[in-house]
Amino acid sequence: MIARVIHFGLDDCHRLMVLRSAGYAVENCASLLQLRTVLDTCAGLDAMLLSDSEGVAPREAVAIARKCSSLPLILFRNNSMAYEESGFDLVVDCLTPPELWLNELNSLIVRKRTEFRA
C-alpha cells in the first residue's frame, strides 16, 4: 500500500523528490490555509512532515494538525532553529542521510497502521 504524506514548509533539501522516488504520494502545502484544507478533505493520510525553515509557522502548523487529525508528525530540523521536539513522533536532523530517515519514516507509518487496526 502506498503511503500518503503531507509536507508543510520549504523543501530546501529536496526531500519531496526523495519521498516521491521512494514511492510516497506527497501533498505539498505552502500555507496554513492549504494545510487545513488538505487535512479536512484528504482521507487515508499516513503522516505529516514539517520542515522548520525560516518563514515557516511550525507551531501553528502543528496546532492545526493536532486539532484536525491524529497523524504522526515528523520534524525535519534546521540546525539554526530551536523548537520543542516533544510533540513530534520523529525528529530528523538536517544532515541525516535519506536512506536512514526513509527507513525511520516507513517504520513509524507501519507501526501507526498496525496500532490503528488493533
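Accessible areas here come from the Shrake-Rupley method with a 1.4 Å probe. The accessible surface of the protein comes to about 6600 Å². Carbon and sulfur atoms account for 55% of that surface. The model is predicted. The protein has four helices and five strands. Along the sequence they follow the pattern β-α-β-α-β-α-β-β-α.

**Overall make-up**

- The protein has 118 residues, and 42% of them are buried.
- Take the contacts between residues at least 6 apart in sequence: 59% of these join residues at least 24 apart.

**The sheet**

- Five strands make up an open sheet. Their order is E2-E1-E3-E4-E5, and the pairing is parallel.
- Strand E2 (25-29) and strand E5 (90-92) are the edge strands. Each of these two pairs on one side only.
- Neighbouring strands of the sheet are turned against each other by 20 degrees on average, direction ignored.
- Strand E1 covers residues 4-8 and runs parallel to E2. Five bridges join the two strands.
- Isoleucine 6 has glutamate 27 in E2 as its bridge partner. Arginine 4 stands opposite alanine 25, also in E2.
- Four of the five residues of E1 are buried, so the strand is largely enclosed by the rest of the structure.
- In a regular strand, side chains alternate between the two faces of the sheet.

**A helix on the sheet**

- Helix H3 (residues 58-68) packs on the sheet. Helix H3 touches E1, strand E3 (47-51) and E4.
- The direction of H3 makes about 175 degrees with that of E3.

**The aromatic pair**

- A search of the whole structure finds one aromatic pair.
- The partners are phenylalanine 76 and tryptophan 101, with ring centres 5.0 Å apart. Their planes stand at 80 degrees, so the pair is edge-to-face. The cut-off for that label is over 60 degrees.
- Phenylalanine 76 lies in strand E4 (residues 73-76), and tryptophan 101 lies in helix H4 (residues 98-117). The pair therefore ties together parts that are 25 residues apart in sequence.
- Phenylalanine 76 counts as buried, at 2% relative accessibility. Tryptophan 101 is buried as well, with a relative accessible area of 3%. Buried means under 20%.

**Salt bridges that link separate parts**

- The count of salt bridges comes to five.
- One of them joins arginine 113 to aspartate 46. The closest N and O atoms of this pair are 2.9 Å apart.
- Arginine 113 lies in helix H4, while aspartate 46 lies in the loop between helix H2 (32-41) and E3. The pair therefore ties together parts that are 67 residues apart in sequence.
- Arginine 113 is buried, with a relative accessible area of 18%. Aspartate 46 is buried too, with a value of 12%.
- Aspartate 93 forms a salt bridge with arginine 77. Here the closest N and O atoms are 3.6 Å apart.
- Aspartate 93 sits in the loop between E5 and H4, and arginine 77 in the loop between E4 and E5. This pair therefore ties together parts that are 16 residues apart in sequence.
- Aspartate 93 counts as partly exposed, at 42% relative accessibility. Arginine 77, at 16%, counts as buried.

- Lysine 112 forms a salt bridge with glutamate 115. Their closest N and O atoms are 3.9 Å apart.
- Both residues lie in helix H4. Lysine 112 and glutamate 115 are three residues apart, about one turn of the helix.
- Lysine 112 is partly exposed, with a relative accessible area of 28%. Glutamate 115 also counts as partly exposed, at 45% relative accessibility.
- Salt bridges that share partners join Arg66, Asp89, Lys112 and Glu115 into one network.

Methods: Residues are numbered from 1 along each chain as its sequence is written. This is a predicted model: local features need pLDDT of at least 70, side-chain atom pairs count only at pLDDT 80 or more; totals for chains, interfaces and linings use all residues. Side-chain values use heavy atoms; hydrogens and water are left out. Rings of Phe, Tyr and Trp (its six-membered ring) pair if their centres lie within 6.5 Å; planes under 30 degrees apart count as stacked, over 60 as edge-to-face and the rest as tilted. Buried means under 20% relative accessible area, exposed over 50%, partly exposed in between (1.4 Å probe, protein chains only). Two strands pair if DSSP finds at least two bridges between them. Axes are lines fitted to C-alpha atoms, for helices over the stretch in contact, and angles run from 0 to 180 degrees between N-to-C directions. Contact means heavy atoms within 4.5 Å. A salt bridge is a side-chain nitrogen of Lys or Arg within 4 Å of a carboxyl oxygen of Asp or Glu.
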